[in-house]
Amino acid sequence: METTAIVWFVLIAVLWIGFIVLEGFDLGVGMRMLFATRDEHERRVMLNTIGPVWDGNEVWLITAGAALFAAYPAWYASLFSVLYVPLTVALVGLILRAVSIEWRGKVHTARWRSMWTFGIGMGSLTAAFCIGAMLALTSLGLPIDANGDRVGGPFVWLGAEAVVGGLAVVGFSLAHSATFLGLKADGPIRERASVFAARWSPVFLLPAAVWAVWVQIEHGGNVLSWAFVVLAVAGALFGWLQARRRREGLAFTGYAAFGVFGVAAVFAGMFPKVLPSTVDPAFDLTVANAANSPYTLTVMTVVTVVALPIILGYQAWSYWIFRKRVTPGMIPDAHIVLPAILRDKDSAGAK
């Protein structure tokens with residue numbers, strides 16, 4: 001087995017970890033806008049906590065998909081040809097969320113804002129569920145034949161594995177976002193989020209724990225993958241205890257650790273398989289038979305070594321710049337803003 005193929009398996013796992021942990025909390029904030037706010041001012045506080053970072057967090061998803069395509073073309077082709085329905089729905093959800101965030105404040109009416117608030121929440125929920133379902137199916141298996149083609153109809157993937165994976169990412173996003181809002185917001189939003197993190201988060205993290213353990217049982221597990229499971233549980237327990245003590249930074253760290261080690265346990269547990277076949281184990285795609293050529297992987301590795309520190313440095317800098325809490329006093333009341341071109345015309349007319 002080529003070393004570079006193993007390196008890229010690990011890098012793809014890291015990219016998915018980054019996406020789940022970073023995009024997880026802003027997807028959760030989007031979902032919470034449907035039920036965890038009481039007025040427009042609170043919704044704007046909540047939206048401004050993720051405003052500077054949500055689009056940067058999506059880059060992890062794009063990069064994970066691109067790395068999958070370049071490093072493991074057979075894995076990419078089989079996965080997305082079987083799962084084109086949930087993939088399309090996930091993309092629609094991400095587009096709806098992005099458009100809703102950008103357009104929500106463009107018209108000063110309650111009906112307009114309510115429509116796009118619903119778009120943010122439903123887009124976040126749809127994307128989180130579908131991406132979780134696809135990741136779970138990647139780790140637990142899909143009906144593919146010797147050529148990597150789908151066996152069965154377009155909805156053959158829809159089963160218990162997809163539901164558990166979807167609920168895992170939705171649940172983690174809601175729990176993680178509660179600790180994020182406790183850390184980043186202030187006022188009533190902070191109080192309610194902190195209560196949610198201390199009271200309900202263990203329930204919402206349960207599907208993710210089931211998924212991680214399911215992968216170990218399905219593939220036999222190994223010392224490393226089971227160690228990651230233990231660390232994930234320890235992170236969740238630590239985060240929950242800190243949330244109960246209202247130590248918001250440590251609670252966020254604990255739940256983030258649950259996400260990091262939980263996804264790591266899934267990838268470590270399925271290794272060296274990248275896409276198991278539920279039709280016949282002989283049809284499994286593995287690190288060895290699904291990887292691109294060693295030359296291609298070597299070139300990709302060199303480019304990544306140069307580019308990745310720059311990308312990580314920029315994202316870390318943006319988080320540092322926008323590290324302060326968003327307080328209710330920072331958010332002015334909603335008001336109509338006259339476009340500059342119209343202001344210029346009014347000024348000219350007055351003269």
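This is a short walk through a predicted model, stop by stop. Residues are numbered from 1 along each chain as its sequence is written, and side-chain values use heavy atoms, with hydrogens and water left out. Because the model is predicted, local features need pLDDT of at least 70 and side-chain atom pairs count only at pLDDT 80 or more, while totals for chains, interfaces and linings use all residues.

Start by selecting Asp-26, in helix α1 (residues 3-32). Helices here are DSSP runs of H or I with at least four residues, numbered from the N terminus. Asp-26 counts as buried because its relative accessibility is 0%; buried means under 20% relative accessible area, exposed over 50%, and partly exposed in between, with a 1.4 Å probe and protein chains only. Now show what Asp-26 touches beyond four places in sequence: Ile-50, Trp-54, Asn-57 and Arg-97. Contact means heavy atoms within 4.5 Å.

Next, pick Ser-100 in helix α5 (residues 84-103). Ser-100 is another buried residue, at 0% relative accessibility. Leaving out residues up to four places away in sequence, Ser-100 is in contact with Trp-116, Gly-119 and Ile-120.

Time for some rings. The structure has 17 aromatic pairs. Rings of Phe, Tyr and Trp (its six-membered ring) pair if their centres lie within 6.5 Å; planes under 30 degrees apart are stacked, over 60 edge-to-face, and the rest tilted. Select Phe-196 and Phe-204: this pair is tilted, 5.2 Å centre to centre with 45° between the planes. Phe-196 is buried at 11% relative accessible area, whereas Phe-204 is partly exposed at 27%. Then highlight Phe-9, Tyr-72, Trp-75, Phe-267 and Phe-271, a cluster linked by ring pairs.

Last stop: helices α9 (residues 201-219) and α11 (residues 248-270), whose axes come within 8 Å and cross at roughly 20°. Axes are lines fitted to C-alpha atoms over the stretch in contact, with angles from 0 to 180 degrees between N-to-C directions. So α9 is roughly parallel to α11, a label for angles under 35 degrees.

Terms used. Helices (H or I, at least four residues) and strands (E, at least two) are DSSP runs, numbered from the N terminus. Angles under 35 degrees count as roughly parallel, over 145 as roughly antiparallel, 65 to 115 as roughly perpendicular and the rest as oblique.
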